[in-house]
Amino acid sequence: MNVIDCQKVSKGFRRTNALESISFQLTDQKITGVIGRNGAGKTTLLKILAGLTKHKSGEVNVFGKNPYNNLMVSANSILVDDQMTFPDSLTLEELLRSAPAFYKRWDAQLASRLFQYFKLDSKQQHSKLSKGARATFNMIFGLSTRCELTMFDEPTNGMDEAVRTDFYRALLKDYITHPRSILISSHHLAEIEHLLEDILLIHNGNVVLHDSIDEVKEFAVAVQGPIADVERWTAGEKVFHSKIIDGQRLYVVVKNNLELERARLEGAFIQVLSASEVCMYVTSETKGGIDDVFK
Amino acid sequence: MFLSNSSLFSVVKAQVKYKINAYNGLIYSLIILQVLGIMLGGVAGSSGTSINNTTISLNTSTIDLSFIFVSLLAISVGNLITTKAYRYDDFSFVATRLSSSIANCIVLLIFSCFAGVTTYFSGYVMRLILRVNSSYEFVDSPSILNDPLSFLLTIIAIITILWMFSSIGYIAGTLFQKHKLLFFGAVVIMVMLLIAGTWVRISEAIFVENGSLLILAMKTIVITISLFVISTAISKRLGVRT
Amino acid sequence: MIINTDSTKPIYVQIAEWLENEIIAERFTDDEKVYSQYQLAELFNINPATAAKGLTILVEDKILYKKRGLGMFVAPEAKMMILEKRRSQTLTKMVTDIVLEAKRLSVTKAELIQLIHNCEVEI
Amino acid sequence: MSITTWMIVLLGLLPAIIGVSIVLYLIKKLNLKGKFHLNKITTITYFSLLIACGVIYEIIPKEPTVDKLSNEQLVQLQTENNSFQKSLLKLEENKLNQKFLKEEWSHEINGNTLSLEYKGNEIYSTRVFVEWMETTDQIIEGKVYRSNLNVYGLNLDQKVPLHRVEWTGNQLVIHEPSVQELSFDRFSNRLYSFNQVLYDEEIRMVRGQTYIHLKVPKHIEIVDPLGLQMY
């Protein structure tokens, strides 16, 4: 059974369409990065998966059930984001203590160890925490639930560099000992690339790519050479990005294929891109990028 | 893949426990209002007459003022827990709108029980104070032991009415969360009914023509539960963290 | 070694290469058990699936062999095979470069072969 | 609907709105400051304090200064009063309830006139019944009665003073007692708000009256400018 099965899911707010037609499947126990630009619809998608919002059309199945208002899905999934709130009348310590009643697999030991490591004040109230500390607490909460589907929406917002590194390390170590399906959304792929097995690239409310990180990396390459040559080599190919360097040379990002090997033999300068670069170019709105502005 | 199966019952139980812990700061509001009720009020009815040049006045002290204050509190609390912040809090843990509504309903009932019993017994604080302080002659009043049935029925009536007030606050809050216009629409309808006098007739039919506290309590419970059911139905489509 | 995510090489290739280097340096000897995908994941802070991919490459190249339920082991002669592989790969790459350069300089195939012949004789 | 009606409705709702907003403000202020354990301790303390008050009140010895009568007893008293007045009207002395008898005297007057005088405001709190006697002597026999007096269930027979009856020559002067105040406190476990709605209408007052029964010889004329005489 797929953990997540989305078929043509759409969701609109007033006039804009946050999700147009999302279709993808998520198989068991992978760390998947939900990547996209700001406003691509990542947050909306995660909220739908967590059952917090209702989708407009299409079909969403989490653990084989429609997540909206479903107790089983709620019990087995958690969405950690910066909108997570807890009542102020309870201290952080009390919050952690009330969690096991809800989450059957709650790991109190992990929670308290992480809590101590990150030096959070157990007598503090959730809303009084600084942005970074709140994100840290939410992360500890999310990890400790050990939910079969654990979702993080921009989890490191507000965290400092050291905490980010620690967080990703903690996530990975916990995942190794307790494999489960983890979704991390971020617009900063480079930071989480090494953790991921799969990437779900969302752009304008659609799934652009859903593949393993290495496939994504090989999805597109940059070709550079004299304008005429480059145009000849990449004729008929989908060009994601192109720019002219010093008037004579053309730099294009195109879909990778075997024919480019011939171009290389003909003297093309072919550059492999990092996964985050691929994602960036694939989701860019204009072919020329920022350079177009300065033309 | 290991999926834990939570029953609605266990989730509601956990939520109720958690909410009672989370909202137990309400005790201070309750204490303040009851103390205020004792201090300001007490004398709910005062009757006087004169016979043979002797003026006789009898002041009857009841817990009415505390009860009215606590009723206001019940409305406010019912309203407060429907607000966004409180709904968000629910969904940081396992919850569905159904479980959340049921838990709210139960929590409000538990709070009403507590508030009802304390309101009733705050009358005894008043008795003791008046007994010590009163310069007048003191007339003994029926105590619990004299009339246990009346004691029981009065407490039940107080509790159910507080619960009903909280459900009124709850449905008002839910309507407001659902759509602000809906809320104002409901208020306008209420005011219209009030002016037309229909409201008085309705409430008379419900609350006056009873004859016994038990029937009153029953009617109140039915109204309360239907209000909660309607609220739940409305909130079912309400988004969380949108 | 620190995994470089910005490198043009995929992470799993980097993992495979690192393991090969360890074998060449004889930190793993023949028939010795190597790191599991989880140990590698921890070691390099990477996804276990990526680490597994790196191991799979080496299994496909017959540098490692699998024992069911026990893990991955260094194949006999692994070091030799790695050296062999690298040698052939390096040579292929060099030849490619030579051919490309020859093309640019309009050197024909016959001339190129002649050049190689001459070289061999001199050496 | 006129503007005034709206104004009245708004004004009527105003206290409720103000009340709710004050309470809401209080909750928001207090609820957020709470600390779990402190709250728990407060709750338990407050609750046990209240229960303790209840228990203390119920067990302390109480000596009510005034008896409180039940409804049935009040009805009984009222019936007694009514039948007393009926019997008195018929001058059936043997049927008169002797527990109402407060004073008994006889007085000899000179001349043929007896004048009645009332000093006070509440003239009708006293009624004089005259029974004509077939005799020629000058003796007037009198009996003063007062029927059951109970206000709000409080037996005030002893608390409310009697009228004073005094002879000055041929004049019978009825003095009203001097002004005094009696105040009582009582509690009700019932909610006053429910009272009108739910509890049975109580007989709240049994207003006793003072009756003066005079036995006057037939030839004596009574001067009664205030109209106290009933028969």
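Over all chains, this predicted model holds 23 salt bridges. A salt bridge here is a side-chain nitrogen of Lys or Arg within 4 Å of a carboxyl oxygen of Asp or Glu. Side chains of opposite charge can pair when their charged atoms come close. Local features need a pLDDT of at least 70, side-chain atom pairs count only at pLDDT 80 or more, and totals for chains, interfaces and linings use all residues. Residues are numbered from 1 along each chain as its sequence is written, chains are lettered from A and ligands numbered from 1 in the order in which they are written, and side-chain values use heavy atoms, with hydrogens and water left out.

**Stop 1: salt bridges of chain A**

Select A:Lys30 and A:Asp198. They form a salt bridge whose closest N and O atoms are 3.1 Å apart. A:Lys30 sits in the loop between strand S2 (16-26) and strand S3 (31-36) of chain A, and A:Asp198 in strand S8 (residues 198-203) of chain A, so the pair ties together parts that are 168 residues apart in sequence. Helices (H or I, at least four residues) and strands (E, at least two) are DSSP runs, numbered from the N terminus. Are these two residues buried or exposed? Both A:Lys30 and A:Asp198 are buried. Buried means under 20% relative accessible area, exposed means over 50%, and partly exposed is in between (1.4 Å probe, protein chains only).

Next, pick A:Glu193 and A:Lys217. In this salt bridge the closest N and O atoms are 4.0 Å apart. A:Glu193 lies in the loop between helix H7 (189-192) and S8 of chain A, and A:Lys217 in helix H8 (residues 213-217) of chain A, so the pair ties together parts that are 24 residues apart in sequence. Here, too, A:Glu193 and A:Lys217 are buried.

**Stop 2: from chain C to chain A**

Now show C:Glu42 with A:Lys173. Their salt bridge has its closest N and O atoms 2.7 Å apart. C:Glu42 belongs to helix H2 (residues 37-44) of chain C and A:Lys173 to helix H6 (residues 161-177) of chain A, so the pair joins two chains. C:Glu42 is partly exposed, with a relative accessible area of 27%, and A:Lys173 is partly exposed as well, at 37%.

**Stop 3: a network, and two positive phi values**

Select A:Asp107, A:Arg146, A:Asp174 and A:Arg180, which are linked in a network of salt bridges. Stay on A:Arg146, found in the loop between helix H5 (131-144) and strand S6 (149-153) of chain A. Its phi is near 55°, a positive value in a residue other than glycine. A:Arg146 is buried, with a relative accessible area of 8%.

Then jump to C:Lys62, in the loop between helix H3 (48-60) and strand S1 (64-67) of chain C. C:Lys62 is not a glycine, yet has a positive phi of about 65°. C:Lys62 counts as exposed, at 60% relative accessibility.

**Stop 4: a sheet in chain D**

Which order do the four strands of the open sheet in chain D follow? The order is S1-S4-S11-S3, with mixed pairing. Strands S1 (101-108) and S3 (126-133) of chain D are the edge strands, each pairing on one side only. From one strand to the next, the twist averages 15°. Two strands pair if DSSP finds at least two bridges between them. Strands of a sheet pair through backbone hydrogen bonds, either parallel or antiparallel.

Zoom in on strands S4 (residues 139-146) and S11 (residues 210-217) of chain D: they run antiparallel and are joined by six bridges. D:Arg146 stands opposite D:Thr210 in S11(D).

Axes are lines fitted to C-alpha atoms, for helices over the stretch in contact, and angles run from 0 to 180 degrees between N-to-C directions. Within helix H3 of chain D you will find D:Glu80, buried with a relative accessible area of 17%. Leaving out residues up to four places away in sequence, D:Glu80 touches D:Asn97, D:Lys99, D:Phe100 and D:Asn148. Contact means heavy atoms within 4.5 Å.

**Stop 5: chain B**

Finish with chain B, which has nine helices and three strands. Of its 242 residues, 55% count as buried.
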